[in-house]
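Please read the following points alongside the sequence and the model.

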Amino acid sequence: MAVSPTTRYMSFLAISDFTALLLASLIAYKDVTDLFFTQLERISIYVSRIFQTFSHWNLALICVERFVSVRYPFQKSRLYTRRVTFLSVGAAFTVSLVPFPSSYLSDAYFNFIYTDLEAAVTILYNLIYIIIPGGLIIICTILTARHLRRNVRHRETIGTQSEQNSRRSVTMETQLTRLMFVTVVCFAVFTFPWAFIHI
């Protein structure tokens, strides 16, 4: 049985979330007011942030894939090959790496002496960490919900035999999309408030 793109993306999301949580737990004993971190603790913080960002992009990839599944169901198998899935995950991880080398070096060695550098790193970090993936998540979720409603109305107008033939496929797609919606709600509840405060 072939593994669906959603299953692959969810697997990478689970691995990324677990890695971010594991690394963050290494410095969880520190007092929030304690600004002194060892070099190893500092590296753990930044690698954890990379995987947090990677999780956001994985969630964005899931939302895009769900939209394609609902909007273009007959083209999905052609568009989402195994190679495309892994390439998109690799691209997401590469993008997740972008803001952190400069941020780490600035924080570790320059202590943000240069205000222009601080501003640039902060803008880049927020764009890649929350704004771009969050925008993709919101847009794709809204479009997916709209097309799902259209599909339900369309199925109500077609014959019983056609509906029975496609019921199993539609049920599976609906369940996966509901799972996506739950994940998106959790993402919004736990991420957006922090992002607004940080910005």
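1. Helix α1 has 21 residues and spans 30 Å from its first C-alpha to its last, close to the 30 Å expected at 1.5 Å a residue; the expected span is 1.5 Å times one less than the number of residues. Helices here are DSSP runs (H or I, at least four residues), numbered from the N terminus. This is a predicted model, in which local features need pLDDT of at least 70 and side-chain atom pairs count only at pLDDT 80 or more, while totals for chains, interfaces and linings use all residues. Residues are numbered from 1 along each chain as its sequence is written, and side-chain values use heavy atoms, with hydrogens and water left out.

2. Which residues of α1 are buried? They are P5, T6, R8, Y9, L13, S16, T19, A20 and L23, where buried means under 20% relative accessible area, exposed over 50%, and partly exposed in between (1.4 Å probe, protein chains only). Seen down the axis of α1, these buried residues fall within an arc of 160°, so they line one face of the helix; the arc is that of the directions from the helix axis to the C-beta atoms. The face turned away from that buried side carries the exposed residues I15, F18 and L21.

3. The structure holds five aromatic pairs, a pair being rings of Phe, Tyr and Trp (its six-membered ring) whose centres lie within 6.5 Å, with planes under 30 degrees apart counted as stacked, over 60 as edge-to-face and the rest as tilted. One of them joins Y9 and Y80, edge-to-face at 6.5 Å centre to centre with 90° between the planes. Because Y9 lies in helix α1 (residues 5–25) and Y80 in the loop between α3 (76–79) and α4 (82–97), this pair ties together parts that are 71 residues apart in sequence. Both Y9 and Y80 are buried.

4. A further pair, F51 with F93, is tilted, at 5.8 Å centre to centre and 50° between the planes. F51 lies in helix α2 (residues 39–71) and F93 in helix α4, so the pair ties together parts that are 42 residues apart in sequence. With 18% relative accessibility F51 counts as buried, whereas F93, at 28%, counts as partly exposed. F51, F54 and F93 form one aromatic cluster.

5. T85 has its place in helix α4 and, at 0% relative accessibility, counts as buried. Leaving aside residues up to four places away in sequence, T85 touches P5, R8, Y9 and Y80, contact meaning heavy atoms within 4.5 Å. Among these partners, Y9 and Y80 are the two rings of the edge-to-face pair.

6. R49 lies over the face of Y46, at 5.2 Å from the ring centre; a charge sits over a ring if NZ of Lys or CZ of Arg is within 6 Å of the ring centre and within 35 degrees of the ring normal.

7. R146 is found in helix α6 (residues 115–157) and is partly exposed, with a relative accessible area of 39%. R146 and F67 are 79 residues apart in sequence and 9.8 Å apart in space, C-alpha to C-alpha.

8. How many disulfides does the structure hold? It holds zero, a disulfide being a pair of cysteine sulfur atoms within 2.5 Å. C140 is in no disulfide, and the nearest cysteine sulfur, that of C63, is 6.4 Å away. C140 counts as buried at 8% relative accessibility, whereas C186 counts as partly exposed at 37%.

Key: Helix = DSSP H or I, 4+ residues; strand = E, 2+ residues; numbered from the N terminus.
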